[in-house]
Amino acid sequence: MLAAFRLPVYEFGSWWTICPYAGSLLRHKIKPLSARFLPIRLKEVVRICDDPFSCRWNSNSSNASPSIKSVQLQSIIYNRLLKLGNNRFLLSRLYAGIRCPIFKNTEDAISSLEFETDYVENGNFRCLQRAFFAAKTSQSFPRSGVILIGANIQTFAMHAWIIEDGTQPDHGDRDWINYRPLLALLHRP
Amino acid sequence: MTFVGNTCRHTRYFNVKERRFVDESFLPSLDQIRTANLKNHIDNGACFVFRPDTYKPVIDGIIPIPGRSAWTFTNNQFVLCRSNNTSGMHGGAKSLDEILAAASRFLKISNLGPLALEMSGGLDSAIIFVILKQLGVMPILIGYMRDRYEFRTERIIQENFMSQGSIVVRLTDNQGRPFEQLCSSPRHVLPDLASLSHAAHALVAQSAAEHGAKTVLNGIGADALLCNDMQGQNATNFPQDFAAWALADSWPNASIYQPRGMKYISPFALSPFPHLAWKSRRGLPGDPMKLNARSIFANLLPKELVTFAYKASHDGWIHDGIKQAASEIYTVASIAYKFYQNEELHPDKLHKQAEKSAFLSDDELKHFLSCVAFSVWIFGHINSTKICPTKAP
C-alpha cells in the first residue's frame with residue numbers, strides 16, 4: 001500500500017491536513033500528529049512545491065506508443081479508478097498500491113490517458129484518478145515518485161498531482177502550484 | 001436609421017427614445033433607480049462588456065455604448081458597423097523585430113504622456129514591460145505584492161522586473177483588496193461589476209499620479225489575443241468579437257482615471273497590436289499556455305516565463321476579499337433593500353452568501369456579485385454623503 005505522510009500547514013488561524021483514509025480536508029485547532037522524519041525524497045518534493053521554478057517542466061507530452069495489450073489494460077485500470085471515485089479514497093489508495101507497471105515512467109502513463117474518452121472530456125476533474133493511475137502503472141514511481149494531494153485553503157478546492165524525479169510529469173497541469181501539499185503518498189524506500 | 005458612434009475611451013449613454021446621447025454629467029434620478037430592472041442587470045452581469053446589441057436595459061431607454069465603437073440603430077436594434085481593429089491589416093508580425101518596430105512607431109505617434117504599468121507578475125504585463133524597455137522607455141512599475149501561497153511564482157517575477165525599474169511602487173496584499181470600501185464607490189450611471197474593485201483601481205491610479213504618470217498600462221485583452229483558437233470561423237469572427245471597445249477598462253477609465261485626468265489603457269487593444277497578433281496567429285489552434293508568445297519573446301523575458309507557464313489562481317484572493325467585505329456588503333444591501341424592496345437584495349441573504357462565497361457555484365457567484373454591484377450602485381446614489389449607518393449582525 002502507498003504510505004501516507006501528512007504535511008500539516010498553519011494558515012488563517014487553523015491547522016490544516018488531509019485525512020489519509022478519507023481524503024477529506026480537515027481543520028484542527030491544535031497541531032495534528034505528523035511524521036517526525038520525512039523521507040529524503042519527500043523533503044525534496046516539498047521543496048520543489050515551495051519553489052515551482054526548481055521543477056523541470058516540459059510543455060510537450062510524451063510520444064511513447066504503448067502496445068495494444070497495455071492499452072487494453074490501461075483502460076481497465078483507469079475505469080476501475082473512475083468507478084471507485086473520490087469518495088472511496090482508501091480503496092483507491094489500496095488499489096493504486098498494487099503494482100501493474102506497464103509504462104516506463106509517470107510521464108508516459110499520464111500521456112497515455114490523452115486517448116481515454118472520459119479523460120478528454122473531464123481531465124481537469126480526474127486529477128486523483130490520474131495520479132493513482134500513474135502511480136500504479138509506472139515502473140519508476142516506487143523509486144522516484146510521490147503523489148501529492150493539496151488544497152487551496154481559502155476556496156477548499158483540492159487537487160492531486162505527482163512529482164517524480166524533480167519533474168511534474170503532467171504537461172497539461174499548471175494548476176498544481178495553486179494548492180498547498182497537505183498529504184503525500186509514496187512507496188516506502 | 002441612426003448612426004451611434006462613441007469616439008471616447010469610456011462608455012457613453014444613448015437615450016433610445018430621444019435618439020441622442022445623454023449629457024456626460026448624466027446620473028439617474030431616484031425614480032429611475034427605483035424602477036430599474038434588476039433581472040436585466042443580473043442577465044447582463046455575465047458579460048464583462050455591455051454590447052448594445054445584446055444589452056438588456058436596466059434603466060428604461062438608456063443603453064450604454066462602449067468607447068471606441070460605432071453602431072447603427074434601426075427598428076430598436078443596434079448593429080455593429082465598424083470594428084477598430086479590422087482596418088489596415090497589412091500582414092501579421094512573425095518576428096520580434098517587426099513587433100518592436102510597430103511598437104516604436106506607435107509610441108511616437110501616440111500622446112500617452114509619462115507611463116505607468118500594472119505589473120502583476122504574469123506574462124502579459126511582462127511582455128509590455130520588455131517591449132517598452134527594449135525601446136528605451138522605462139515605465140513606473142506598480143504592483144500588488146500578494147503574500148499568499150499561490151502567488152509565490154508571480155512574486156519572483158515581479159521582484160525580477162521591479163529590480164530593473166527606475167520607479168517602483170509596491171502595494172501590499174492588505175491594500176486594494178477586491179470589494180474593499182464598497183460604501184465609498186463613486187456614483188455611476190449604471191450598475192457595473194467593475195465598481196466592486198474601485199478601491200484597488202483608485203490606489204493604482206493614485207500611486208501613478210503621485211509619480212507623475214498620465215497613462216497606466218494594463219494587460220487586459222491579451223488572453224483573447226494570445227490564447228484563442230484562430231482556426232476557421234473563429235479567425236473570421238475574431239475582428240468583430242475582439243475590438244478595443246470589448247475590454248473591461250471602460251468603468252475604471254470613466255470613474256477612476258478620467259476624474260484624475262489620466263488614462264487606463266491596454267496596449268494589446270491598441271492599433272497596431274491586435275491585428276499583428278490576429279494575423280500572426282490566424283490558422284493556429286488555441287494556445288492556453290501562450291507558448292507561441294513565450295517563444296517570440298524568449299530572448300527578452302526571464303527564464304521563469306519562458307520555460308514555465310504557471311498561472312496563479314485568483315480564486316482564493318477573491319473569496320477572501322468577499323469574506324472580509326461581508327459586513328460592508330450587509331451595510332450596502334440594507335440601504336439598497338430598504339429603497340428598492342426586492343428580496344434578491346435582502347441584506348441577510350447577501351451577508352450569508354458573502355460569508356460562504358467559496359461554496360457558491362459559478363452561476364450563484366455571478367448572481368451574488370451582480371446583486372452586490374446593484375446594491376452598491378443604489379447605495380452610491382442615495383447615500384453618498386452619509387457614513388455607513390448599518391452594522392452587520
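User: Why do strand β3 (residues 14-18) and strand β4 (residues 25-28) of chain A count as a pair?

Analyst: Two strands pair if DSSP finds at least two bridges between them. β3 and β4 of chain A have four bridges, in the antiparallel sense, so they meet the definition. The strands themselves are DSSP runs (E, at least two residues; helices are H or I, at least four), numbered from the N terminus. This is a predicted model, in which local features need pLDDT of at least 70 and side-chain atom pairs 80 or more, while totals for chains, interfaces and linings use all residues. Residues are numbered from 1 along each chain as its sequence is written, and chains are lettered from A and ligands numbered from 1 in the order in which they are written.

User: Which residues of β4(A) are the bridge partners of W15(A) and T17(A)?

Analyst: W15(A) is bridged to H28(A), and T17(A) to L26(A).

User: What makes β2 (9-11) and β4 of chain A edge strands?

Analyst: The open sheet of chain A runs β2-β3-β4 with antiparallel pairing. β2 and β4 each have a single partner strand, so one side of each lacks a neighbour in the sheet. The twist averages 35 degrees from one strand to the next, with axes fitted to C-alpha atoms (for helices over the stretch in contact) and angles from 0 to 180 degrees between N-to-C directions.

User: How many residues does each chain give to the contact?

Analyst: Chain B gives 19 residues and chain A gives 12, where contact means C-beta atoms, placed from the backbone, within 7 Å. On the side of chain B that touches chain A, α13(B) gives the most, with four residues.

Conventions: Contact = placed C-beta atoms within 7 Å.
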